[in-house]
Amino acid sequence: MTGRIVHVIGAGVAGLSAAVRLVDAGLNVIVHEAARAAGGRCRSYYDQSLDLVIDNGNHLLLSGNHRALEYLGRIGSLDKLRGPRSAIFDFADAQSGERWRLRPNAGRLPWWLLDRRRRAPGTTLSEYFAPLGMLTAPSTATVAEAMSCAGPLYERMWRPVLLAGLNTDPREGSAALAAAVLRETLAAGGRACRPLIASEGLSPTFIDPALAFLKARNATVRFGERLRAIRFESARAAELEFEAGRKALAGDDGVLIAVPPRTAQDLLPGLEAPDEFRAIVNAHFRIAPPQGQPRILGVVNGLTEWLFAYPGHLSTTISAADRLLDRPREELAAEIWREAAALTGLPPGLPRWQIVKEKRATFAATPAQNAKRPPSHTRWKNVALAGDWTQTGLPATIEGAVRSGHKAASIIVEMRACAPQARTATGVSP
Ligand SMILES: Cc1cc2nc3c(=O)[nH]c(=O)nc-3n(C[C@H](O)[C@H](O)[C@H](O)COP(=O)(O)OP(=O)(O)OC[C@H]3O[C@@H](n4cnc5c(N)ncnc54)[C@H](O)[C@@H]3O)c2cc1C
């Protein structure tokens with residue numbers, strides 16, 4: 001590879017979306033990934049106990065996640081996201097067995113609230129406007145300080161929606177982050193909240209097509225390459241130290257760091273970053289979903305929060321699940337299956353199962369942690385930062401990861417345009 005190079009460190013969604021942007025801007029890109037596969041917290045893998053390829057965790061996108069959809073469009077896999085034509089959310093109460101379906105109308109004017117059949121049962125109109133207070137809340141406010149966290153609609157809609165969006169108990173969650181999610185989805189009308197899932201799996205949708213895109217454009221992706229340290233010289237990164245050896249950087253080579261916050265802090269001295277995390281527990285069962293099972297079912301009053309139906313298996317998600325990390329996996333599988341069997345009408349006998357506990361699934365979306373998120377610019381001229389935990393204005397989501405990747409890529413592109421070596425004789429960047 002000749003010419004100036006951008007080294008992207010980390011091949012999660014943030015690193016890959018940045019690499020795609022950089023390649024599109026005509027730069028030479030090398031992606032260095034510590035693991036043997038790409039995808040980070042958004043990946044598929046073969047699971048021996050199930051004898052199936054599964055995702056590390058169920059991921060839900062909404063049609064208002066515009067940057068994530070744009071990324072998929074660019075790498076050619078937008079058609080792999082599946083979902084209903086309109087915003088439909090099926091819910092069940094695990095205790096009473098009651099079922100309901102939320103059906104926001106497509107436009108911004110929320111006339112669906114006037115139709116009881118489109119709302120959650122037993123709720124009043126005014127409860128739907130409870131989050132309005134979050135739109136003007138200060139950045140230090142929690143959701144509980146900005147809206148009432150009690151009542152039928154809180155339990156039947158706001159709590160499940162905000163818990164899924166923040167991966168943090170909404171009562172302690174940041175009102176600003178919750179408001180950002182709602183502003184871009186529910187408040188933008190049903191058109192922006194069609195639920196979308198990667199039904200063929202996360203890697204075939206978000207990761208493998210990006211790797212193919214990069215390869216086809218002569219970018220390099222290297223696996224098993226952990227960056228251990230960066231040597232800095234006069235406010236620039238001058239050398240990268242990988243486990244396998246060192247790589248000296250040329251004058252205007254760029255470095256785009258897209259690793260988890262703790263690793264970024266080891267690499268970039270003095271970097272402030274979130275340091276509190278929340279777990280997500282997923283249970284996977286190898287059993288075909290029954291006919292007519294919704295692709296996504298929200299569950300209240302149970303241990304399970306979301307039940308996802310895939311061809312050949314069922315999976316459940318429990319967010320902010322730190323309380324479950326020490327529970328024996330067999331016990332969790334049995335308890336979750338009891339609920340899932342009751343919700344689907346499938347036999348009570350436990351099918352082949354797997355429990356995946358992602359201990360640090362996301363940073364805790366509290367006001368205090370949100371305040372620790374760094375910008376994409378760093379104090380080093382040729383280093384930019386990406387990751388769902390940087391200042392994206394959103395909680396830790398794929399949409400946030402893609403935005404962070406795009407932002408960091410723009411910084412590197414601009415940096416290159418400003419670098420003295422990149423100027424032509426007339427002083428205009430090529
Ligand atoms: C169980 C679970 C469920 C989720 N559900 C949803 C959902 O429903 N909707 C949604 O939008 N989001 C969801 N998320 C969040 C989403 O997965 C993340 O926001 C996104 O994947 C973060 O991408 P990232 O690139 O910022 O970080 P990561 O995926 O963490 O990528 C960082 C990469 O850097 C690599 N790396 C680390 N150290 C080094 C080093 N020293 N050198 C080189 N490489 C290194 C890692 O191996 C990794 O590949 C979920 C996350 C989890 C865990």
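**Entry 1: the model.** I note at the outset that the model is predicted.

Entry 2

I followed the pairing of strand 2 (residues 28–33) with strand 10 and found four bridges in the parallel sense. Which residue of strand 10 is the bridge partner of isoleucine 30? I found threonine 220 in that place.

**Entry 2: helix 1 against helix 7.** I looked up the packing of helix 1 (residues 13–24) with helix 7 (residues 202–216) and recorded an angle of about 30°, the axes being 10 Å apart. Because angles under 35 degrees count as roughly parallel, helix 1 is roughly parallel to helix 7. The crossing of helix 1 past helix 7 is left-handed.

I then listed the residues that meet. Helix 1 contributes Val13, Leu16, Ala19, Val20 and Val23, and helix 7 contributes Phe206, Ile207, Ala210, Phe213 and Leu214. I sorted the residues of this contact by class: ten are nonpolar, with no polar and no charged residues.

Entry 3: I moved to the open sheet of seven strands, for which I recorded the order 8-7-16-17-18-15-19 and mixed pairing. Strand 8 (99–102) and strand 19 (352–363) are its edge strands, and each pairs on one side only. Here the twist from one strand to the next averages 25°.

How many bridges join strand 15 (residues 277–286) to strand 19? I found nine, and the two strands run antiparallel. Within strand 19, valine 356 is the bridge partner of asparagine 282.

**Entry 4: helix 5 on this sheet.** Lastly I looked up which strands helix 5 (residues 152–166) lies across. I found strand 7 (89–93), strand 8, strand 16 (296–300) and strand 17 (306–310). Helix 5 runs at about 115° to strand 16.

Definitions and conventions: Residues numbered from 1 in each chain as written. Predicted model: local features only at pLDDT ≥ 70, side-chain atom pairs only at ≥ 80, totals over all residues. Pairing = 2+ DSSP bridges. Axes fitted to C-alpha atoms, helices over the stretch in contact; angles between N-to-C directions. Contact = placed C-beta atoms within 7 Å. Parallel < 35°, antiparallel > 145°, perpendicular 65-115°, else oblique. Left-handed = near helix turned anticlockwise from the far one by under 90°. Nonpolar A, V, L, I, M, F, W, Y, C, P; charged D, E, K, R; others polar.
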